[in-house]
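Dear colleague,

I am handing over the structure below, and I would be glad if you looked at it before reading on.

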Amino acid sequence: MHRALVLADRGESQDEVPVGCVIVRDGALIGEGWNRPVSTNDPTAHAEIVALRDAAQRIGNYRLSGATLYVTLEPCLMCTGAMIHARIDRLVFGAPDPRRGAVNSTTHAFETQGLNHRVDVRGGVLDEECAGRLRTFFRARRVGG
């Protein structure tokens, strides 16, 4: 999660919402990303999607079985769907997202009937540190914007 926080800071330095993500398999980093929708004009460029794409390219397969995805903010519905398609085994996230979080907050996407893959979830890891970055970012935007 510490590396994901570094990536969140990188996103913030590029005027993106500070969310960072890493994907690890067998103890090795196989993918990483940070939010990039603004800089790339791509609504799908969430940190998780960027990291999933990076990992798939690095290993030469879009199936990421055995991997754990670490992200600083509870994933949205789009990102949970991508994790299911990628066959991510485990999700570890930091801060909950009461408005868009699709793991525990607004819905329980991984519990949808008919899914052929389940993701083990652990939330709240370094949640104060993760949430603090988001609070600081949005507070500065309200004051300055």
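Along its principal axes, the C-alpha trace spans about 45 × 30 × 30 Å.

Please keep in mind that this is a predicted model, in which local features need pLDDT of at least 70 and side-chain atom pairs count only at pLDDT 80 or more, while totals for chains, interfaces and linings use all residues. Residues are numbered from 1 along each chain as its sequence is written, and side-chain values use heavy atoms, with hydrogens and water left out.

The chain holds five helices and five strands, which are DSSP runs numbered from the N terminus (helices: H or I, at least four residues; strands: E, at least two). Read along the sequence, they follow the pattern α-β-β-α-α-β-α-β-β-α.

The five strands form an open sheet with mixed pairing, in the order S2-S1-S3-S4-S5, where two strands pair if DSSP finds at least two bridges between them. Strand S2 (28-34) and strand S5 (120-122) stand at the edges with a single partner strand each, so one side of each is left without a neighbour in the sheet. Strand S1 (residues 20-25) and strand S3 (residues 67-73) run antiparallel and are joined by five bridges; Ile 23, for example, has Leu 69 in S3 as its bridge partner.

Helix H1 (residues 2-13) lies across S1, S2 and S3 and runs at about 145 degrees to S1. Helix H3 (residues 47-59) packs on the sheet, touching S1, S2 and S3, and its direction makes about 140 degrees with that of S2. Contact here means heavy atoms within 4.5 Å, and the angles, from 0 to 180 degrees, are between N-to-C directions of lines fitted to C-alpha atoms, for helices over the stretch in contact.

The largest pocket is lined by 28 residues, of which Leu 73, Asp 97, Arg 100, Leu 134 and Phe 138 lie nearest its centre. On a 1 Å grid over the protein atoms alone, a pocket is an open set of points where a 1.4 Å probe fits, with protein on both sides within 12 Å along at least five of seven lines, and lining residues have an atom within 4 Å of a point. Helix H5 gives the largest share of this lining, eight residues.

Best wishes
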